[in-house]
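Student: I have a chain to look through today. Could you go over its rings and strands with me?

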Amino acid sequence: MHASTRRAVVAFAASAALLGLTTPSASAGVQAPWTVTPSGPYTSTAAGPSLNVPNATLTCAANTVSGSLASSTTNQIGTTALSGVSGCSFLGMGFTLSTMSTPWKVNATSISGSIVTANVSGIAVKITGTGCTATIAGTAHGTYNNSTKLFQFTGSGTDLKVTSANCLGLINTGDVAQYVASYRLGVVIS
């Protein structure tokens, strides 16, 4: 390529970037700012949530989360914390689930139609039962449906992991944990 042609191509690329004509990378995934209507505190209960690891499934009759959601110029649109858990079992044995740090961050990352791709980051919980203790930390992924007003943790992603475990070899350090649950939030995120 001649030097003058090369300069013209570089100049055009720089101009296009300044004018916003370049295509954003698919990995960017940033949609901020976000509008949450109405903003404010919430409490929601999921019936039958489950936490799946490769060798076992932990289930609860219900758990409750509470926090606050608000419009934001970043992808963090709110906070949440586990505020109540009931009827949890693992292979027929009862266990308790307690938080190790709060609040957790509620993040929206992209939107397509009425579906918002979202996650909750900063999760840190401890599982305690007969002959079994484990800690789980990271990010749980899901979607929020503006039509049904449901935040659904889909069990996707590999960012929620067992960080320590002493659990008869059924839960092991490094296991990917997949959280599946639905919470009604009653807001519109756009």
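Student: Which residues do ring pairs link into a cluster?
Tutor: Ring pairs link F151, F153, Y179 and Y183. Rings of Phe, Tyr and Trp (its six-membered ring) pair if their centres lie within 6.5 Å. This is a predicted model, in which local features need pLDDT of at least 70, side-chain atom pairs count only at pLDDT 80 or more, and totals for chains, interfaces and linings use all residues. Residues are numbered from 1 along each chain as its sequence is written, and side-chain values use heavy atoms, with hydrogens and water left out.

Student: How many aromatic pairs does that rule give?
Tutor: The count is three aromatic pairs.

Student: Why is the pair of F153 and Y183 called edge-to-face?
Tutor: A pair of aromatic rings is described by the distance of the centres and the angle of the planes. The ring centres of F153 and Y183 are 6.0 Å apart and the planes stand at 90°, so the pair is edge-to-face. Planes under 30 degrees apart count as stacked, over 60 as edge-to-face and the rest as tilted.

Student: Which strands hold these two residues?
Tutor: F153 belongs to strand β12 (residues 150–154) and Y183 to strand β14 (residues 178–184), so the pair ties together parts that are 30 residues apart in sequence. Strands here are DSSP runs of E with at least two residues, and helices are runs of H or I with at least four, numbered from the N terminus.

Student: Are F153 and Y183 buried or exposed?
Tutor: F153 is buried, at a relative accessible area of 10%, and Y183 is buried too, at 4%. Buried means under 20% relative accessible area, exposed over 50% and partly exposed in between, with a 1.4 Å probe and protein chains only.

Student: Let us turn to β3. Which way do its side chains point?
Tutor: In strand β3 (residues 50–53), S50 and N52 point one way and L51 and V53 the other, and all are buried. In a regular strand the side chains alternate between the two faces of the sheet.

Student: What does β3 pair with?
Tutor: β3 pairs with strand β4 (residues 56–59) in the antiparallel sense over four bridges. It also runs antiparallel to β14, with three bridges between them. Two strands pair if DSSP finds at least two bridges between them.

Student: Where do the bridges fall, and how is β3 joined to β4?
Tutor: V53 has A56 in β4 as its bridge partner, and a hairpin through two residues joins β3 to β4. On the β14 side, S50 stands opposite V180.

Student: Finally, how many helices and strands are in the chain?
Tutor: The chain has one helix and 15 strands. Of its 190 residues, 36% count as buried.
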